[in-house]
Structures are given as structure tokens and as C-alpha cells.
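Let's walk through this structure together, one step at a time. Keep the sequence and the 3D view side by side as you read.

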Amino acid sequence: MGGVGTGEIEADAAVRGRREEMIDAAGTARNARIDAAPHLRLVPRTMWTRLAHPGHFLRWTGPVMPWLAGLSAVLLAVGLYLTWFVVPPDYQQGETVRIMYIHVPAAWLGVFFYGSMALSAIGTLVWRHPLADVAQRAAAPIGAAFTLICLVTGSLWGKPMWGTYWVWDARLTSMLILFLIYCGIIALWRTIEDPNRAARAIAILTLVGAVNLPIIKFSVNWWSTLHQPASIMRMGGSSIDPSMLYPLLEMILAFTLLGITLHLYAMRTEILRRRVRALTIREAERLDADPRPARPLGQAIRGV
Amino acid sequence: MVIRVMRALIARDLQLAARVGGSGALSLVFFLMIVALVPFALGPDLNLLSRIGPAILWLSAVLATLIGLDRLFQADEEDGSLDLMTGAPAPMEMVVLAKVVAHWLTTGLPLALASPLFGLLVALDGTAMGATALTLLVGTPALTFIGAVGAALTASIRRGGLILAVLVLPLMIPTLIFGVSATDAASGGTVPFTTPLAILAALSLIAAVIGTFAAAAALRWSE
């Protein structure tokens, strides 16, 4: 515990001995405890909580997925058509400006998925919601992939524009650090075997990272102004011509929808993966509890 | 009561550090090792070395802090003393704070105190030497507290040293930036020395709060 409004539970648990509390909390008795202390239930049992139940989630997302996938495919096709054939080349950057229509949405999604991971982390720590764990886990690789796309397209754009693939510019550097943090989170997911423990550990890491990201961004800005006076040509942030702005917005919308679709697919896969894991464990336990005497554990798990 | 628990924990950790392998002395040797390696990579040009000297010292300090971190909670997790500490009549945050303070006293503080001496190797002048020592004194607590979060998260992972470094190093970047820029400012820069130093101190304080709570939460939840 340790989230908002759980102080007294915490103090109580300290007296009882935390071990039992943790075993209790990790098991199915978790919901019973929340029922016993209604003030903990910050989210009332509404439509939302019903939708967020993993079983329900699988059921209602099933029919939605093809529509979402189709819609994002159409939007993406329209966006790519606009990018390649409609958008005029920039008077300074020429044709390379088209890279921007991939680069900017990817950057946005890289940040967006970190934000959604941080929100899910709060869900994991405060409400211990299993779907929050799943959402958190599914978001990490997708966010990392979009951040990587942003970095790669950025450096491809940088070669003709700046004459080099990589510049230690503040924004590039911040994105690189974001990518490194994503890598750390994914590595930790793969290291801790028990999904519940992993979810809590990663929720803490994600939130620490979320607090640190603005600090990192600020320090990198300071550092870059200290080391290199503004010599880099910037994209005209002040005014983008509507002929470029609307295709860009369309691409951002298409990418966001694509990201959400991928995220929901990954969440469904993760829920199924956890079910398989739970079933495997239960099977092993059933074989283990077999009344036939003196059966070595190894044989039981292999199902001999 | 809580203060007594803390004092006992700090004393215990200091004793352990002094007797078992002397981790404090060892991280100093590691620090010296890296500082000594740099001239072999860059060549013995004293002008170049004195220009990048503060950066070398800071980078070595970051790496040296990282070295002992993976054992910060893991050793206690393995021999069961962490369970006793969880059951102690003090909040987990206090336990974490005590252990981190003890760790800093055996790694960060010796590094800061020894840095003027090692500064001689990279031809720092008096001002830069003092500035480096001061920034290390102010900044290394931030490194230790951030590292403590990673140490708590990886306490129960066998061979967690590598993943600890991957988790923690990106979060240490701001401290490194302001540590080095403060030192550069002291020996003639565009910004006054106190500005980056104040930010460095602020980073240490923020890291102390976040690190203590996050590490305590991580230890509590890792059961």
C-alpha cells in the first residue's frame, strides 16, 4: 500500500507484521479488504469498473478491434497519401519535410505512451487493478518503438539538413533519454518473473521516471544552451502553413488511433498470456497435490 | 525511538563496511582507477586533461557510486535481516534513509574528500579542485538516493547489477550535468558558480524525498 488515503491500513499492517499482510494482499482476499474499507474505493462501481474487468475487457474489445484497426488503416492511408502527393515541398527543406509527418506523430506517441504508463502505474499502486498492470506492461514496448521511430526519422532528416545523423540537440537528447528509460522498464519487466510483483516494481519505477522526466528535460535544455549556442535551424514552430498543418494533424490523429489499437491488441494478448500462466500453475499444483504418495515435484510438473 | 533505530542501523552498516571487505576503501580505489585510465585513453596532454578534469572526476564518481549499490539492500534481503527491519518499530522510509546515509558516508563522502587529491592527477588548479570537491559533496547524495531506488527494485533479483545500472543511469543525467557545469562555472564560465550549485543542491533534496519514499515502497511491495 502507501498510496493516497491508505495511511491507517499501513500503520495497522505494521503492527500485525507486514508479511501476512502482503501474502493476504497478493491473493484474492484483496478485493474483500477493499470492500471492508469502503473509503478505499475511490472509484465507485460504475460502468467504467465493469468495463475494466479483465474478462469483460476481452469481451467488449473483441468486436471493437476490427473496426479500430480498419479505421486507423484508412486514416493512415489518407495521411500517407496527403504526405506523399498533396503536401507541397518546403521552400527551404525541400522534399525532406515529408519526414516530419512521421517524425512528429511518433514523438507525440512516445511521450503519450509514457503518460499512459504513468496513469496505469497509479492504477496499479492505488487500486491494484489487474487491468492497470496489463495496460502498463503492454504500453512499454509500443512507446519504446514509437520513440525509436522518432529518433531514426529525426536522424534521417538531420543528415540532409544538418549534415550529420546525430546532433546533441536538447530535443534529440531528451528523446534518447526517454528511449533509454523505456529500455530499462522493459528490461525490468523481463527480469521479474511474478507478474504482480513486476507490475508494482515497474509502477514505482515509472512514476519515479515521470517525476524525473521534466527535470531531465530542463537540465538537458540548460546543458545544450551552455554547450552550443543556438546554431541549429529549427522547424518554424510559430507558424505552419495550413497546407502543411492539416495533413500533420491528420497524421497525428491516425498515429494516435494506430497506437491505441496496437495497445488494445497487446493488452488482450497479455491478459491471455496471464491466463495461460495461471492455468499452467494450477495444473502443476493439481498434479502436485495428487494423493499418490512420494511423487517427486519434478515429475509432477512435467505431468509424468 | 525511530531515531534510535536509525542510529543503530547506520552504526551497523558502517561497521559492516569497515570490516567486511572495506567497501568504502574499495570504491575509492575504483575511483582512482578510472581517473588513472582516462589519460591512457586521451594521451598525457595536461592542458586537455585540466580542461576536462572535472568531467572525468564526476564521471568516475557516478561509476564508483554505482559499484556498491547493488548490494545495498540485496545483502540484507539474502540473509534475512531485511525482514527483521521490515518488522522493526520504525517505518520502512526511516530504514531506507538510514541505509542510504550509511552508504553515502562510505562512498560519496570519501569520494568528495579525496577528489582534490585525484584532481592533481588531471592537473586541476586550486579553484577547480575546491569546486569539484564542493560539487561532489553537494551532488553525490542525489546519486546515492536515485541509486537506492534501483537497488530496492532489484534487491531480490539475482545478478541485478547490470539492470540496476540501466535503470538508474538515465535518472542520474541531471546531477551529472549540473555537477560538471557548476565546476566549469567556478573556473571561469558564463554563469555564476552559485546558480548551478543551488540547482545541484535542489536535485539532491528532491532525490532524497523521492528516493526514500520510492525505495521504501519498492522494498515493501517486493514481498
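Chain A has 11 helices and 0 strands, where helices (H or I, at least four residues) and strands (E, at least two) are DSSP runs, numbered from the N terminus. This is a predicted model, in which local features need pLDDT of at least 70 and side-chain atom pairs count only at pLDDT 80 or more, while totals for chains, interfaces and linings use all residues. Residues are numbered from 1 along each chain as its sequence is written, and chains are lettered from A and ligands numbered from 1 in the order in which they are written.

Of the 304 residues in chain A, 30% are buried. A residue is buried if 20 or more other C-beta atoms, placed from the backbone, lie within 10 Å of its own, exposed if 12 or fewer do, and partly exposed in between.

Now find helix H5 of chain A, residues 54-86. A kink of about 40 degrees lies there at A:Val64, shortly before the proline A:Pro66; the bend is the angle between axes fitted to the seven residues ending at a residue and the seven starting there. Buried residues of H5(A) include A:Phe57 and A:Leu82.

Next, look at where the chains meet. The contact (C-beta atoms, placed from the backbone, within 7 Å) takes 28 residues from chain A and 23 residues from chain B. On the chain A side, H9(A) gives the largest share, 14 residues.

Finally, turn to B:Leu26 in helix H2 (residues 23-42) of chain B. B:Leu26 is partly exposed because 16 other C-beta atoms lie within 10 Å.

Key: Two residues are in contact if their C-beta atoms, placed from the backbone, lie within 7 Å.
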